[in-house]
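Please read the following briefing alongside the sequence and the coordinates, which are shown just below.

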Amino acid sequence: METNSRIFVAGHRGLVGSAICRSLRRQGFDNLISRELDELDLRDPAATRRFFAAEQPEFVVLAAAKVGGILANATFPADFIFDNLAIETSVIDAAAREGVRKLLFLGSSCIYPRLAPQPIREESLLTGPLEPTNEWYAIAKIAGIKLAQAYRAQHGLNAISLMPTNLYGPGDNFDPQSSHVLPALIRKMHDAVRAGAGEVVVWGSGTPRREFLHVDDLADAAVFLMLHYDSGEIVNVGTGVDLTIRELAETIARAAGFTGKLAFDASKPDGTPRKLLDVSRLTALGWKPKVALVDGIAETWRWYLANIAHE
Ligand code: GFB
């Protein structure tokens, strides 16, 4: 990939796509192509094919996806499986047909079996049943990995796939119903502090363990792999460190100055008990994350105050 290469970032408005655009620009890649949602529906194979034929991108980052937290996954299963399958098939097929030099596909750590040995190695894929709260999304992402591998085998498309752990950072979705836990708790703590409330409700038991990676680290890893990795084998991207949801809530409470009580709502699902990635494949390639969780939370908190809280 050269600094003047034509790079299509699909999903450039999202948490991941916007961070990858920032990282590419920071590293001198400024010939970026993007389309707004109302200009190009990537679920539409014919429209996607026309776009690729006209724009002739040389490199593609496939960061467009239907995403959400544990409740959104359970509430909109059809959207999560259909939208993601449709985006993946139309983009990967168009990329192969139009001679794209390399494509990066973004999966998710929820592709692994619910009870995979921890930390989870890439070899755990398809070795056991999935976590039911996000199996629709997981099945679509597994299909994306297999599409990338099949197009590599049959059509020679240089498609690589990375599996990020739970992501967070500026530009995230802070909607309390559809968001992931970290932005949801930032918002809940902020609202509680502002209202002088003595209690914040945390979903589930607080005992599940999760690993959180700042989206700027993920973006740097994505650009690193675009530059230095050419295999069809999937690569985990994470920090190698996890914590309980209770510990996460306490960390966010300290950042927000919330001194009240945490109440655990057992009527909400816990999801998978633990989801920690083994990141040795990526570390062996020479990459490691930079942002510590407390610093990332503080930065995301400031971003939330400046951009969302006043709305
Ligand atoms: O981030 P999250 O929605 O998704 O939830 P997953 C993580 C944990 O935090 C669960 C708890 O145990 C939730 O019950 N939690 C506590 C909360 N309070 C809240 C809250 O206010 N909002 C939310 N959302 N959770 C997702 C998948 O799983 O992981 C996606 O559903 C994706 O498909 C993503 O793969 C990375 O970590 O459980």
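Which element gives the most to the shell around the ligand? Helix H6 does, with 3 residues; helices and strands here are DSSP runs numbered from the N terminus, with at least four residues (H or I) for a helix and at least two (E) for a strand. The model is a predicted one, in which local features need pLDDT of at least 70 and side-chain atom pairs count only at pLDDT 80 or more, while totals for chains, interfaces and linings use all residues. Residues are numbered from 1 along each chain as its sequence is written, and side-chain values use heavy atoms, with hydrogens and water left out.

**Ligand surroundings**

- Of the 22 residues around the ligand, those that come nearest are Ile70, Lys188, Arg210, Pro269 and Asp270, where a residue is near a molecule or strand if one of its heavy atoms lies within 4 Å of it.
- Oxygen atoms of the ligand lie 2.7 Å from a side-chain N or O atom of lysine 188, 3.1 Å from one of asparagine 73 and 3.5 Å from one of asparagine 134.
- The protein covers 97% of the 700 Å² of accessible area that the ligand has on its own, with areas taken from the Shrake-Rupley method with a 1.4 Å probe and, for residues, only the protein chains shown counting as cover.
- Helix H3 (70–75), helix H6 (181–195) and strand E7 are the elements that give two or more residues to this shell.

**Sheets and strand pairing**

- An open sheet of 6 strands, with parallel pairing, has the order E2-E1-E3-E4-E5-E10, two strands being paired if DSSP finds at least two bridges between them.
- Strand E2 (32–33) and strand E10 (235–237) stand at the edges of this sheet, and each has a single partner strand, so one side of each is left without a neighbour in the sheet.
- Within the sheet, strand E4 (residues 102–106) and strand E5 (residues 159–164) pair in the parallel sense over 4 bridges, and the bridge partner of leucine 103 in E5 is alanine 159.
- Helix H4 (residues 77–97) lies across strand E3 (59–62) and E4 and runs at about 170 degrees to E3; axes are lines fitted to C-alpha atoms, for helices over the stretch in contact, and angles run from 0 to 180 degrees between N-to-C directions.
- An open sheet of 3 strands has the order E11-E8-E13, with mixed pairing, and its edge strands E11 (243–244) and E13 (274–275) each have a single partner strand, so one side of each lacks a neighbour in the sheet.
- Strand E8 (residues 209–210) pairs with E11 in the antiparallel sense over 2 bridges, and arginine 209 stands opposite threonine 244 in E11.

- Strand E7 (residues 199–203) has a covered face, made of Val200 and Val202, and an uncovered one, made of Glu199, Val201 and Trp203.
- E7 pairs with strand E12 (residues 261–265) in the parallel sense over 5 bridges, and glutamate 199 has lysine 261 as its bridge partner in E12.
- Threonine 207, in the loop between E7 and E8, counts as exposed at 53% relative accessibility, where buried means under 20% relative accessible area, exposed over 50% and partly exposed in between (1.4 Å probe, protein chains only).
- Threonine 207 and threonine 244 are 37 residues apart in sequence and 5.4 Å apart in space, C-alpha to C-alpha.
- Not counting residues up to four places away in sequence, threonine 207 touches Thr244 and Asp270, contact meaning heavy atoms within 4.5 Å.
- The side chains of threonine 207 and serine 205 are joined by a polar contact of 2.7 Å, that is, a pair of N or O atoms within 3.5 Å; within protein, one must be able to donate a hydrogen and the other to accept it, and residues adjacent in sequence count only if both atoms are side-chain atoms.

**Loop residues and backbone geometry**

- Glutamate 98, in the loop between H4 and E4, is buried with a relative accessible area of 18%, and its contacts, not counting residues up to four places away in sequence, are Arg49, Phe52, Ala53 and Gln56.
- Glutamine 56, in the loop between helix H2 (45–55) and E3, is partly exposed with a relative accessible area of 36%, and its phi is near 45 degrees, a positive value in a residue other than glycine.
- Leucine 126, in the loop between E4 and H5, has a phi near 60 degrees and counts as exposed at 56% relative accessibility.
- The peptide bond from glutamine 118 to proline 119 is cis, with omega near -15 degrees, and proline 119 lies in the loop between E4 and helix H5 (135–155).
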